[in-house]
Amino acid sequence: MADESNKVVAEVRDSFGKGAARKIRAAGKIPAVIYGHGTEPVHITVPAHQVGLLLRKANAVLDLDIDGKSQLTLVKDVQKDPVLQIIEHLDLLIVRRGEKVQVEVPVHVEGEPFSGTIAVLDIPTIKLEVEATHIPERIVIDVTDAEEGTQYHAKDFALPTGAVLAEDEDLLILNIVVPAAVRSDEEVEAEEAAAEEAAAAEEAAEESAE
């Protein structure tokens, strides 16, 4: 959500290339580009430390001050050095108050499932359509005492007011399972035998089709 804490003073830049980018980062800034709503891309720099802190939250919205004019932007892409993990460049999408955007919101699991089971997050985010200035930091699911075999699909998650699911509602997000190490030898052997039988049946079907 846009508020005083994400106001960022940005500066328009006219120097490009790797050398210019290195100088910008050496000066404690990050090169970025603003685009969207049919406008020409605007190349800017933003303060690295302040923006780095804001980017700890997924789908950060930055209220940029560019030459005294305010511009709301949604962080769409963060390019980092693969080794040093230094932010090298940002892509910022122009947004307007009240405008709906599609974003991937992190899933947060709370509670402990039934004894002997674990919660396995197959997909760590859910795609939502939501107002740009009211993007939730996370979507919470409580798995307290959930039993083995329990599944949570996209439609099972409680969404904040104003947010709409932008996924297939049957998309499997979370599974409650018994870890392999906890299963008995007999269960593991039975599963392996069933898998071998299925593979053999598939091969036989392929051969008969030929």
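**The core and its surroundings**

Mentor: The largest nonpolar core has 24 residues. Those with the most contacts inside it are Leu74, Val101, Val103, Ile135, Tyr152 and Phe157. Keep in mind that this is a predicted model.

Strand 5 (69-80), strand 7 (100-110), strand 9 (125-131), strand 10 (139-142) and strand 13 (172-177) each supply at least two of its residues. Strand 7 gives the largest share, four residues.

Now zoom in on Val103. Leave aside its neighbours within four places in sequence. Val103 is then in contact with Asn59, Leu74, Ile126, Lys127, Leu128, Val130 and Ile135. In soluble globular proteins, nonpolar side chains tend to be buried together.

Charged pairs come next. The whole structure holds three salt bridges. One joins the side chains of Asp63 and Lys7, at 2.9 Å from N to O. Asp63 sits in strand 4 (residues 61-66) and Lys7 in strand 1 (residues 7-12), 56 residues apart. Asp63 is buried, at 5% relative accessible area, whereas Lys7 is partly exposed, at 39%.

Another salt bridge pairs Glu11 with Lys29, with their closest N and O atoms 2.9 Å apart. Glu11 is in strand 1 and Lys29 in strand 2 (residues 29-36), 18 residues apart. Glu11 is partly exposed, at 41%. Lys29 is partly exposed too, at 28%.

Lys155 and Asp170 also meet in a salt bridge, 2.9 Å from N to O.

Key. Residues numbered from 1 in each chain as written. Predicted model: local features only at pLDDT ≥ 70, side-chain atom pairs only at ≥ 80, totals over all residues. Heavy atoms only, no water. Core = buried A, V, L, I, M, F, W, Y, C linked by side-chain atoms within 4.5 Å. Buried < 20%, exposed > 50% of the residue type's maximum accessible area, 1.4 Å probe, protein only. Contact = heavy atoms within 4.5 Å. Salt bridge = Lys/Arg side-chain N within 4 Å of Asp/Glu carboxyl O.
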